[in-house]
Amino acid sequence: MRYRYIIFSAILPFLAGALMNCGSGSPAAKSGTSFTSTVSGKVQYEDKEYGKDGWTENTYYKAVRYATVEIVDSVKYTPLASTVTDSSGSYSVSFSTDGLTKVYVRVISETSSQTDKPDVQIQNLSSSVYSANGSNFAPSGGISTVDISISSDSAAGAFNMLDIFTSSGEFINFLTGSNPPAPALKVYWEISNTYGTYYCHGHDTDYCRSGEGIYVLNEPGGDTDEYDDDVLWHEYGHFAAAKFSKDDSQGGQHSLSDNTQDLRLAWSEGWGNFFPGAVKTWLKSVNPSLLSADSSMPLAQYVDTAGTIAVISFDFSASNGTPYIYASNETAVANILWRTMSETAGGLSGIWDVFVNYIPQITDPVNLETFWNGWLSRQAANGSLATFFTSRSIFYQDDSFENDNSPSPVRKASIGAGGEETHYLYKTNSNTDVDIAAFDAAVGVTYDIETYDLKNGADTYLTVLDTDGSTTLSENDNYDGAAYSNCDYYENCPINGIIEPPATPVAPLSSRITFTPSASGIYYIKVTTSPDRPPSAGKYGTYSLKITLSQ
Amino acid sequence: MKKIILLLLIIISLTAAGTSASEPSKKQKMSKPRPPLKVSIVPLNPAITPESIKSGNIIELKIIVLPEMDAKEMHIAVGLIDGAELVSGETSWHGEAVKGIEKVLKIIVRASAAGGGKIRAHAVIPVKDAGAFSAEAIYIIGQDISKKNMPKPPVRKDSRGQDIIEYKLK
């Protein structure tokens with residue numbers, strides 16, 4: 001074996017039987033001067049039930065599935081034989097007793113890459129694999145029974161993660177038909193480190209020091225996540241996005257209640273929030289005994305515990321009463337995905353089709369708009385998503401002023417209070433939306449024309465056209481005059497007209513022109529999406545337009 | 001001379017590569033969602049540490065709750081356990097949460113006669129029809145609980161020189 005092991009002593013309910021070489025079956029088989037011993041048994045770990053309010057205080061033992069089991073020489077610490085547990089945690093392994101005085105059974109927190117099951121390893125930050133070992137016993141031929149029950153005060157957390165990520169891989173294999181199979185996953189668990197829980201798709205010497213994988217570390221204050229199944233599945237969702245789709249999120253801290261997220265972050269985390277509910281829905285249909293949530297809890301309920309409480313307990317299927325809206329909110333994204341899975345004919349397979357076959361082909365930053373476009377492109381026949389989007393104030397639809405893509409003196413915008421207009425930068429069956437409004441302007445009078453109240457990642461570009469409807473008189477991209485198209489990390493990329501963090505009253509992605517005509521007449525205002533929008537923003541989105549007399 | 005220049009170029013290029021590889025990149029870290037509120041418990045006198053408080057001492061504490069969202073409803077509850085006694089102050093509050101505006105409760109507490117005692121502050125923002133966000137802080141008199149540590153078992157070598165770390169049963 002190439003791994004170092006962290007050995008946890010485990011409870012051995014049948015230790016006496018093992019020591020006494022009890023059990024039934026065939027007698028010891030003699031081979032030359034040595035005997036062959038067979039050890040069989042069942043490996044379980046203690047799982048913790050959770051509900052909406054956190055832990056229920058119920059625990060029960062679950063099978064350790066598909067884990068490597070070794071017989072180890074207690075004197076030389078060398079592995080003598082190995083096998084793999086089955087879906088019920090049972091194992092059986094034979095070895096030669098030649099020269100042995102004592103041996104023990106070791107269960108390693110990894111699934112075997114030799115099987116057709118998902119390849120998962122739970123390690124510490126030094127790449128040592130966790131294991132639970134039984135007590136020493138003297139092999140004397142014949143069949144012994146050694147059951148191993150790993151309690152929650154020892155290494156059971158590693159085996160809970162092994163089970164959660166194994167079920168994640170099985171879910172992926174269900175979606176792909178194992179072609180391709182779920183990729184190998186390394187999980188790094190260590191609670192003496194306070195970097196938190198996250199997925200790294202690359203390597204650095206700080207957060208991602210062990211390379212790609214899911215890091216389940218301590219949170220400042222003492223929160224650990226080895227039993228927080230929804231958190232673990234959330235991170236596996238990121239892993240799946242990196243391996244099967246495309247994820248342009250810059251990562252970082254985020255919360256469900258933030259309506260002004262970078263659109264890339266909102267999509268990525270919304271997918272991560274949706275993923276646990278999708279896995280649980282599938283598990284409930286194929287093997288509900290693998291679920292640790294109490295039966296009264298909605299499948300879309302995401303719970304993250306800290307100590308004795310649930311710091312987040314949120315039902316992503318909740319369709320009413322939540323203030324979490326816009327394509328720039330991860331809760332809204334998760335709710336849309338949940339409803340797409342639950343309420344369309346395309347369902348989960350339709351989502352997965354867009355996820356793996358459409359999104360990776362797109363060169364623009366991936367966000368909820370990409371999913372919308374992908375659904376229209378590949379799954380439109382399987383149901384409309386419009387009502388899911390509008391319920392979250394996301395309007396990828398014609399606004400009330402369409403068709404206004406070309407200048408017309410007929411439809412005029414009003415000047416002053418009461419003349420404000422709300423537009424969507426979206427036109428059905430068109431790649432480009434142009435909003436053009438005429439307005440009456442008097443010579444010598446100065447007008448302030450501006451877009452404001454940008455939502456859903458809108459970034460406007462404003463132009464004032466001459467009375468001929470084509471000559472550009474003035475234009476403005478960003479209110480503050482700055483360019484954001486090359487911004488990198490989300491801290492530098494504005495969204496929805498607000499730079500966060502820290503929030504400022506400036507609305508840099510909105511546009512403003514102060515205009516004084518040289519002759520009275522009907523002029524035109526043109527608004528499009530900015531050709532130089534930052535990757536945090538979207539092509540679509542909602543904005544308001546107003547014309548006021550300059551003070 | 002050419003060899004020296006070549007050597008320098010190799011060193012420079014290796015140094016550059018090393019720098020690039022070792023740069024921490026927060027872009028790669030996809031974290032779990034965080035609750036949009038924080039709770040902390042701090043002594044009014046910043047010089048006081050949990051370890052410095054003796055049995056029977058009276059200390060003044062601030063319960064600070066920082067909501068990171070607007071909400072019509074937020075609840076704060078403070079509990080004193082394991083012998084800590086309330087001398088004065090509010091131990092509960094509910095009202096509107098305003099993003100970025102701290103709600104501070106001040107309490108005066110007496111450490112237990114035997115030393116120690118705990119103060120637990122819990123804040124909840126319910127979300128209609130969906131669930132709740134919450135946060136908790138625990139101040140343990142006499143103990144810093146900011147970090148947890150795994151047990152550190154002895155390291156052994158196997159026959160091939162690989163490390164085996166063995167944990168003992170409690």
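Student: Which rules for numbering and confidence apply here?
Tutor: Residues count from 1 along each chain as its sequence is written, while chains are lettered from A and ligands numbered from 1 in the order in which they are written. The model is predicted, so to speak of local features requires pLDDT of at least 70 and side-chain atom pairs count only at pLDDT 80 or more, whereas totals for chains, interfaces and linings use all residues.

Student: How many helices and strands does chain A have?
Tutor: Helices (H or I, at least four residues) and strands (E, at least two) are DSSP runs, numbered from the N terminus. On that basis, chain A comes to eight helices and 25 strands.

Student: What percentage of the residues of chain A count as buried?
Tutor: A residue is buried if 20 or more other C-beta atoms, placed from the backbone, lie within 10 Å of its own; 12 or fewer makes it exposed, and in between it is partly exposed. Of the 551 residues of chain A, the buried share is 52%.

Student: How are α3(A) and α4(A) oriented to each other?
Tutor: Helix α3 (residues 229-244) and helix α4 (residues 263-286) of chain A pack at about 120°, with axes 7 Å apart. Axes are lines fitted to C-alpha atoms, for helices over the stretch in contact, and angles run from 0 to 180 degrees between N-to-C directions. Angles under 35 degrees count as roughly parallel, over 145 as roughly antiparallel, 65 to 115 as roughly perpendicular and the rest as oblique. The two helices are therefore oblique.

Student: Which helices are included in what covers the buried residues of α7(A)?
Tutor: In α7 (residues 368-378) of chain A, the buried residues include F371(A), W372(A) and W375(A). Contact here requires C-beta atoms, placed from the backbone, within 7 Å. The cover includes α4, α5 (330-343) and α6 (347-358) of chain A.

Student: Which strands stand at the edges of the four-strand open sheet in chain B?
Tutor: The order is β2-β3-β7-β5, with antiparallel pairing; strands pair if DSSP finds at least two bridges between them. Each edge strand has a single partner, so one side is left without a neighbour in the sheet. Those strands are β2 (37-43) and β5 (85-89) of chain B.

Student: What is the bridge partner of E60(B) in β7(B)?
Tutor: Strands β3 (residues 58-67) and β7 (residues 103-110) of chain B run antiparallel and are joined by eight bridges. In β7(B), the partner of E60(B) is I108(B).

Terms used
Contact = placed C-beta atoms within 7 Å.
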